Amino acid sequence: MRVDLLTREYPPEVYGGAGVHVAELVRALRSDLHVVVRCFGMPRDEEDVVAYTVPPQLADANPALATLGVDLQLAQDAAGADLVHSHTWYANGAGHLAKLLHGIPHVVTAHSLEPLRPWKAEQLGGGYRVSSWTERTAFEAADAVIAVSAGMRSDILRCYPAIDPARVHVVHNGIDLNRWSRVDAPDAVRALGVDPERPSVVFVGRITRQKGLPYLLEAAKLLPPEVQLVLCAGAPDTPEILAEVQVTVAALQQTRTGVVWIEEMLPQADLAAVLSAATTFVCPSVYEPLGIVNLEAMACGAPVVGTATGGIPEVVADGVTGRLVPIEQADDGTGTPLDPDAFVRDLAAALTEVVADPAAARRMGEAGRTRAEAEFGWASISDRTRAVYDAVVPRALAG
């Protein structure tokens with residue numbers, strides 16, 4: 001069986017969890033499938049990976065239209081595949097068109113949902129309506145939809161009630177347990193401006209509304225003064241949100257020491273060292289279908305303090321591998337806390353509880369590593385994905 005996997009992100013051009021997921025899934029699937037990756041960006045050297053750029057005529061177009069310009073090329077070149085599998089709205093249009101053009105099944109993996117990210121209108125303007133239409137059309141026509149968590153499956157069926165629930169399958173994100181493991185490298189951590197002798201709270205994520213960074217920055221004001229806040233945060237959605245974070249971080253740095261902001265994307269080894277040195281990792285997201293970064297932190301032995309929303313409770317066992325922070329959210333798609341002050345206080349309290357007892361934090365971190373090994377290895381996730389493929393491809397082709 002030949003599977004054409006369609007994606008915006010693929011190494012080395014990876015900026016979020018979807019790109020990490022795709023890279024690991026491709027590696028696992030290739031053990032017994034012919035997988036051709038069709039991605040956005042500059043040419044790759046890897047065999048069976050083809051990259052596509054925006055057509056020159058659309059270079060200055062709205063980003064949503066530029067995306068569709070790439071999708072047309074992906075769809076055309078998927079001829080000969082037995083199945084196409086698209087990831088994120090950026091490639092969903094290509095998958096849907098390939099299904100129509102070539103008469104082959106289309107599988108979608110939902111890493112996020114446009115109706116639950118209305119702040120993207122800040123980034124795309126009217127293009128947000130285009131991205132929303134693209135996603136809805138592809139999802140409703142797909143032969144199968146893979147949700148990365150049970151919480152995401154519920155969101156899909158709520159946002160797109162026309163989809164038959166029998167076509168929506170849960171296959172969690174995974175983690176490469178060999179690449180992500182505890183790394184004791186205090187000198188590497190110091191080189192990044194972090195003191196490995198001080199307790200630290202580490203955040204890793206894009207600067208986007210869904211990641212909840214502004215709430216974390218408010219909660220940091222309530223943390224004990226000896227606690228460091230390490231922000232591995234970049235790839236802002238808009239200049240406006242970047243400026244907002246810059247002002248808030250600068251103000252926080254005026255009132256406490258140990259506020260470290262690492263804006264560049266760290267090499268994997270350095271990030272693993274930072275996670276391994278953390279007293280706790282924090283995921284303050286207001287929207288998070290699962291959160292691969294939580295798995296990366298757990299695999300490195302860090303407890304996770306995360307918002308009790310989306311797929312996070314399926315990863316973090318409260319009181320065992322970390323702490324879940326309660327949140328009551330608006331149902332308008334923004335995920336905004338109904339009581340932001342209460343959410344900030346609860347987040348600060350959970351973080352303070354964990355950093356105040358390093359021995360308990362280490363035990364939770366060890367339990368997190370054990371949980372990652374037991375439930376989130378890529379071999380089992382590849383098997384569950386392959387089962388979805390086999391269910392939608394004619395049996396004559398499934399061998």
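Two strands pair if DSSP finds at least two bridges between them. I kept that beside me while opening this predicted model, where local features need pLDDT of at least 70, side-chain atom pairs count only at pLDDT 80 or more, and totals for chains, interfaces and linings use all residues. Residues are numbered from 1 along each chain as its sequence is written, and side-chain values use heavy atoms, with hydrogens and water left out.

**The sheet.** I traced an open sheet of 6 strands in the order β10-β9-β8-β11-β12-β13, with parallel pairing. Strands here are DSSP E runs of at least two residues, and helices are H or I runs of at least four, both numbered from the N terminus. β10 (259–262) and β13 (322–325) each have a single partner strand, so one side of each has no neighbour in the sheet. I found 4 bridges between β12 (residues 304–307) and β13, in the parallel sense. Gly-306 has Leu-324 of β13 as its bridge partner.

**Two helices.** How do α8 and α9 lie to each other? They are roughly parallel (an angle under 35 degrees), because their axes cross at roughly 10° and come within 10 Å. Axes are lines fitted to C-alpha atoms, for helices over the stretch in contact, and angles run from 0 to 180 degrees between N-to-C directions. Leu-217 is one of the α8 residues that meet α9, where Val-245 is among the partners.

**Thr-109.** I looked up this residue in strand β5 (residues 106–110).

Terms used: Parallel < 35°, antiparallel > 145°, perpendicular 65-115°, else oblique. Contact = heavy atoms within 4.5 Å.
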